[in-house]
Amino acid sequence: MSIPIVNSIASWFLKKRFHQIELFLKYPNEVQNELLMNLIQFAKDTEIGKKHDFASIKNYKTFAERVPIKNYDGWQDVIERSRKGESNIFWPTPIKWFAKSSGTTRSKSKFIPVSEESLEDCHYAASKDLLCMYLNNNENAQLFTGKSLRLGGSKQLYKENGTVFGDLSAILIDNMPFWAEFSSTPSNKVSLMSDWEYKMQAIVDETRHENVTSLAGVPSWMLVLLNNVLETTGKKSLHDVWPNLEVYFHGGVSFTPYADQYKNILPNSGFKYYEIYNASEGFFAIQDQNNSKDLLLMLDYGIFYEFIPMDIYASSEEKAIPLSEVELDKNYAVIITTNAGLWRYKIGDTVRFTSLNPYRIRVSGRTKHHINVFGEELIIENAENALKTVCNATHSEIVEYTAAPVFMQGKEKGAHEWLIEFKTPPADINYFTELLDRTLMTLNSDYEAKRYNNITLNQPKVNIARKNLFYDWLKQNKKLGGQHKIPRLSNTREYIDELLVLNLQFV
């Protein structure tokens with residue numbers, strides 16, 4: 001069978017999914033309520049189901065009254081029991097896999113349960129839908145004439161107590177049908193390598209001669225890989241390496257700080273970028289339009305959504321609301337109930353809705369990754385939009401950054417301290433700092449109020465990081481790999497103080 005025929009068949013098959021997507025677009029709240037009742041009914045005989053009497057729950061109101069909202073620390077003990085082989089605790093079918101991610105206050109790592117249902121009906125289903133939407137919007141796409149270059153986590157899977165844990169990407173790759181490897185590169189063997197630095201060169205060596213038509217991975221680590229490809233091949237543009245490359249599917253961190261660098265190495269004006277919103281806990285939203293930053297919230301993946309307005313988050317008034325009650329342009333913490341047995345779980349992300357018909361969102365940050373020591377409520381979205389504006393105005397480019405508070409001491413007022421690694425530094429760092437300060441004030445009224453006449457906050461301080469500082473910090477902390485991210489904003493000085501010390505060292 002010829003490649004064009006394969007491409008046409010695949011496109012036809014994927015587009016058939018649209019009648020199901022249209023159902024939740026037309027009846028979003030009904031689909032979500034039915035999904036919740038199905039999850040409750042399915043898990044009524046589990047330990048948690050019996051504890052909260054799931055059998056008698058008939059509506060969302062009762063569910064919300066009976067089942068408490070918890071973060072990972074509240075779930076850790078039962079998850080550990082499940083990892084050790086106990087079954088039917090929070091989900092009726094066996095939990096074979098646990099996706100390992102960065103830790104919490106109680107533990108070094110989190111182990112997120114991944115059920116057979118969540119693997120098939122959420123993660124894999126979303127991968128198909130992503131292609132479905134892209135193909136629907138781009139009828140002349142030729143994705144299936146070549147391969148997708150996937151960049152996953154660097155850790156291998158480890159067996160323990162009869163269960164398996166590792167990076168989510170490793171779990172997904174390890175369980176894909178054998179035929180899926182034929183449409184992907186690098187090979188599973190290389191994808192699952194544990195030594196990140198050795199693995200990067202192995203990926204370059206294996207993929208540079210392939211017909212790569214799409215890219216998939218976290219922007220920060222994908223950029224490292226692609227620059228290695230250009231260095232190895234001696235090319236200036238990735239289109240010279242892979243002439244049929246047409247789209248980059250990205251997620252995991254904000255794309256904003258990296259956008260200009262990608263345009264430099266992918267200068268073709270027709271090249272497309274598609275954003276996804278996924279995590280170890282599930283796959284939540286997909287960009288469903290060309291040239292858009294809005295993500296369609298996917299409502300039929302076995303995940304029930306609730307939201308806590310951030311203005312009452314972690315307060316005595318904290319209360320979650322269902323999807324039907326959200327408002328436009330308001331910042332919410334995301335709460336999920338899933339087909340892997342997480343009930344009313346705080347995932348730690350914040351979103352805001354850009355559309356209510358259909359429900360589209362933008363990821364605005366993390367509940368913990370913000371600075372609110374002085375009541376300024378600075379979130380990642382503010383920081384990255386401000387940095388983009390300032391970089392454009394000063395003709396500079398940023399590789400990585402982090403920011404933290406400078407706490408008040410005696411009569412000395414507080415401030416924010418930034419540590420920024422530049423690819424192209426500004427000509428005048430003082431002007432860059434002043435412009436960053438002014439731009440943040442235009443984007444955040446709380447920050448503006450605290451900066452007014454230096455009433456609470458002094459002007460921020462910006463430090464220039466040496467080359468590869470953040471990479472060296474990740475390496476030193478054994479966090480190299482696609483699953484690990486630089487902490488952008490923090491309410492403490494834990495990260496920035498460590499980085500400032502390393503900034504003075506030569507590695």
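The model is predicted: local features need pLDDT of at least 70 and side-chain atom pairs count only at pLDDT 80 or more, while totals for chains, interfaces and linings use all residues. Residues are numbered from 1 along each chain as its sequence is written, and side-chain values use heavy atoms, with hydrogens and water left out.

**The whole chain**

Begin with the protein chain displayed as a cartoon, which shows 18 helices and 21 strands; these are DSSP runs (helices H or I, at least four residues; strands E, at least two), numbered from the N terminus. The radius of gyration is 23 Å, close to the 23 Å given by the globule rule for 507 residues, so the chain is as compact as a globular protein of that length. That radius is taken over C-alpha atoms, and the rule is 2.2 Å times the number of residues to the power 0.38. Along the principal axes, the C-alpha atoms fill a box of roughly 60 × 60 × 45 Å. Of the 507 residues, 56% count as buried (under 20% relative accessible area, with a 1.4 Å probe and protein chains only).

**The largest cavity**

Next, select T256, P257, D260, C391 and I398, which lie nearest the centre of the largest cavity among its 14 lining residues. A cavity is a set of points on a 1 Å grid over the protein atoms alone where a 1.4 Å probe fits but cannot get out; lining residues have an atom within 4 Å of a point. Its volume is about 150 Å³, counted as the space filled by probe spheres set on the points, which are joined across faces, edges and corners.

Then colour α13 (259-265), α14 (380-394) and β19 (397-406), each of which supplies at least two lining residues. The most come from α14, with four.

**The second largest pocket**

Now select V224, N227, V399, E421 and N468, the residues nearest the centre of the second largest pocket, which 29 residues line. A pocket is an open set with protein on both sides within 12 Å along at least five of seven lines. The volume of this pocket is about 730 Å³.

Two or more lining residues come from each of α10 (196-207), α11 (219-233), β19, β20 (415-424) and α17 (469-476).

Methods: Buried < 20%, exposed > 50% of the residue type's maximum accessible area, 1.4 Å probe, protein only.
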